[in-house]
Amino acid sequence: MRTSKKTLAAALATAFVAGSFEVDDLVERGYGVIGKKPRWMQPLAERLHAAFPWDMRPRRASVERFLLFDYGFHRAYRRSKLTVASRIGSSPVMNQGVVASGWKAIRPLTTPAELADWLDVPLRQLDWFAGVGPYKRVPTEMKLQHYRYRVLKKVDGNVRLLEAPKARLKRMQQKILTEILNHVPPHATCHGFRRGRSITTFAKPHQGQAVVVKLDLRDFFPSIRAAQIHALFLYLGYPEPVAHLLTGLCTTSAPETVWREIGASPRNNLTQEQIRRYARPHLPQGAPTSPALANLCAYRLDYRLSGLALAAGATYTRYADDLAFSGDAVFRRAAQRFVVHATAIVLEEGYQVHHRKTRVMRQSVRQKIAGLVVNQQANVPRKDFDRLKATLTNCVRHGPESQNRADHANFRLHLRGRIAFVESINQKRGEQLRSIFAQITWPQSA
């Protein structure tokens, strides 16, 4: 019996995306589906290869749509009684892009069953954790959701939703981070959430410059959609079903009931736009995988902004949602126009600029990025240093209990962390603080 054109197109599309997208490989898999070697298969494979020239495995639905609208395929189907001889694609292979093929350490996963076995979870439960199939609808009851929610109020009055995964999902995300994402390098200008990089390496390229330009991205993590994450996993070579599950494990949706449960209200400057942004599948701020995925999804943004900076004679670095540019007197004269072009690129890449936080800082004012002053060299602001020094001195004079006004569970460890941060920026100042810290008399329980 003759196979319907849609069924045949679906079978061919499944076979085409199951492996390499080179023309010869497409032809061989096409022959296997229909059980024949017609002359029209070679031109069809060439047109298909030309239609998807980018260095990434296309989605099966896109290939099927291409076939159904391809005149050559339509004519071949009309002239011949074509049937599906075998369904190729049940055992897909990793199909990495040219660049991704060099990352050999990435964990190869070709089927949902293999992914479930690797994560040590039953396949049915994997669908539930990823929110796919019958579990696609986000449960409204908090106890059935995979995340715990907490609202933080920002200094400017806006709110940020922290979405922390529960224990089992967090373990899966940590494994995805360790064996997949940590082996994929972000853009060289990225300094946040990277081993060997820090806030210091982010700020140092901008010290002693004639002008420093600072841009801030609004709602950085929730602005990254699940479609971007899915495209990334496809580029890394994972077959579409596996990429779909990995995307579901690393993204989430926050229903409107979440805001009511945690007591958020319009009085907290919560806008309908924010509610919609969090309600669609997005990167959760609080998941182990989110920082690495955010850096990788921002690769094109970093690439374009670094090119723009290079053309303007400036230096560019990014730390999470903080973008910094700096340059000499020539760049200083064009800084305002540069902000317009940089903002346009940010918008084109799907992000939003927090315009109230945009700064063009010349040497006559304090040049501050990510909490560090860079007028001469990257340093902690004098006010912050003096405040910490005063706290330590009062701990020596009046005891540490008198200074723990924020009720830190381990005030001693808190102070050591703050001193270590200062020391990583300015060793001399850090040693000065550490000498005062050594004079504090701590109670036995501390």
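Buried means under 20% relative accessible area, exposed over 50%, and partly exposed in between, with a 1.4 Å probe and protein chains only. This is a predicted model: local features need pLDDT of at least 70, side-chain atom pairs count only at pLDDT 80 or more, and totals for chains, interfaces and linings use all residues. Residues are numbered from 1 along each chain as its sequence is written, and side-chain values use heavy atoms, leaving out hydrogens and water.

**Positive phi**

- Most residues other than glycine have a negative phi.
- Phe193 has a positive phi, near 60 degrees. Phe193 sits in the loop between α8 (167–179) and α9 (199–203); helices are DSSP runs of H or I, at least four residues, numbered from the N terminus.
- Phe193 is partly exposed, at 44% relative accessible area.
- Asp407, also not a glycine, has a phi of about 55 degrees. Its loop runs between α18 (382–398) and α19 (411–425).
- Asp407 is exposed, with 66% relative accessibility.

**Aromatic rings**

- Rings of Phe, Tyr and Trp (its six-membered ring) pair if their centres lie within 6.5 Å; planes under 30 degrees apart are stacked, over 60 edge-to-face, and the rest tilted. The model has 13 aromatic pairs.
- One of them joins Phe331 and Phe338 edge-to-face, at 5.0 Å centre to centre and 80 degrees between the planes. Both Phe331 and Phe338 are buried.
- Phe193 returns here: it forms one aromatic cluster with Phe202, Phe220, Phe221, Tyr319 and Tyr351.

**Charge over a ring**

- Arg429 lies over the face of Phe385, 4.8 Å from the ring centre. The rule asks for NZ of Lys or CZ of Arg within 6 Å of the ring centre and within 35 degrees of the ring normal.

Conventions. Helix = DSSP H or I, 4+ residues; strand = E, 2+ residues; numbered from the N terminus.
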